[in-house]
Amino acid sequence: MSSSEVVCGWVESNPVLCGVLGLGKETLAGGGLLQLQEIGDGNMNFVYVVSYGDRAIVVKQAVPYVRCVGTSWPQSAERASYEHAALQRQWTLAPALVPAVYQYAPAPHHLIAMQYLHSHIILRKGLLHRRVYPHVGKHLGTFLGRTLFGTSIYAPHVPQERDADVAFFEANDLIKLTEQVIFTEPLTSSPNNRWTSPDLDDDVKAIQNNAALKERVAELHKLFVTSKEALLHADLHTGSVMVTADDTKVIDPEFAFYGPMGFDKGKLIANFLMCYLSQDAHHTESECSRR
């Protein structure tokens, strides 16, 4: 079956999801009433809005490869189990700042059904259009404070199962992918690297030939692998945040694992800086001159 057929069959057979959508047995007997729209523009998973009438949910499906590349880049679909577990931990600590999860289906389908954020947009898109979100800084600071401190050994009540939790997330295959794309490839001539050529060619060479920088990155790489301070989102950037003028939701924690607290904070700040520095390239010369 296709991914969309799997999703439809699961939703129609799941009493909880039927309840969220307002689907009764009599309604289902007619068949063909669910509407599916694929909305995923990320790298990893298929994402669908499943709707009936004026009600809707989001269903994510992890497949055993990187979605944006295809089967030539295998990746374990078990990442869905880590995303689901991370969302549960985050919901406990910061329920207003993550989407509600309704149901989870493990192997063989690897599906997560969650709240549809129909009024929200990806933060990165809003920032590139120079929209102002007055509450996002406080919201993200609250999310980081509660989820990092709350899963650390510094929390007032450290769960007895923390060691087991650390071991569970340690098996996440996406940790290796993070090491590859953050700590290794940018310092080499990897074909996965992208930059504005020829404008930045000299800067790229300077980075890749900087021995002192490589030494410092190696130290941070070691810290990333060995520190188990807190449960990280581990892919927290402006594409993993959805916003309205008043609300913020952090999404897509499938890279989650226990690591150094500074990683989440640093990655988010770096993305804000990159967004700021890229503004001129996204707007006309006359727009830029008015700043």
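How many bridges join β6 to strand β7? Hi everyone, let me start there. The count is four, and the two strands, with β7 covering residues 111-115, run antiparallel. One of the pairs to look at on your screen is Tyr104, whose bridge partner in β7 is Ile112. Please keep in mind throughout that this is a predicted model.

Now let's zoom out to the sheet around that pair. Five strands make up an open sheet, and reading across it you meet β1, β2, β3, β7 and β6, with antiparallel pairing. The edges are β1, at residues 35-38, and β6, at residues 101-105, and each of these pairs on one side only. On average, neighbouring strands here are turned by 20° against each other, direction ignored. As a reminder, strands in a sheet pair through backbone hydrogen bonds, in either a parallel or an antiparallel way.

Next, the whole protein. It contains twelve helices and twelve strands. The radius of gyration is 21 Å, close to the 19 Å that the globule rule gives for 291 residues, so the protein is as compact as a globular protein of that length. If you like boxes, the C-alpha atoms fill one of roughly 65 × 55 × 40 Å along the principal axes. Buried residues account for 44% of the 291. Of the contacts with a separation of 6 or more, 67% are between residues 24 or more positions apart. The accessible surface is about 15600 Å², and carbon and sulfur atoms hold 56% of that.

Which residues of α11 are buried? They are Met261, Phe263, Asp264, Lys267, Leu268, Asn271 and Cys275. Here is some background for reading that list: an α-helix has 3.6 residues a turn, so residues three or four places apart point the same way. The cover over the buried residues of α11 includes helices α5, α6, α8 and α10, along with strands β9 and β12.

One last stop, and it brings us back to α11. Is Thr238 buried or exposed? This residue sits in the loop between β9 and β10. Thr238 has 1% relative accessibility, and buried means under 20%, so it counts as buried. Leaving out residues up to four places away in sequence, Thr238 touches Ile122, Leu123, Arg124, Leu127, Asn271 and Phe272.

Notes. Residues are numbered from 1 along each chain as its sequence is written. This is a predicted model: local features need pLDDT of at least 70, side-chain atom pairs count only at pLDDT 80 or more; totals for chains, interfaces and linings use all residues. Side-chain values use heavy atoms; hydrogens and water are left out. Two strands pair if DSSP finds at least two bridges between them. Axes are lines fitted to C-alpha atoms, for helices over the stretch in contact, and angles run from 0 to 180 degrees between N-to-C directions. The radius of gyration is taken over C-alpha atoms; the globule rule is 2.2 Å times the number of residues to the power 0.38. Buried means under 20% relative accessible area, exposed over 50%, partly exposed in between (1.4 Å probe, protein chains only). Contact means heavy atoms within 4.5 Å. Accessible areas come from the Shrake-Rupley method with a 1.4 Å probe; for residues, only the protein chains shown count as cover.
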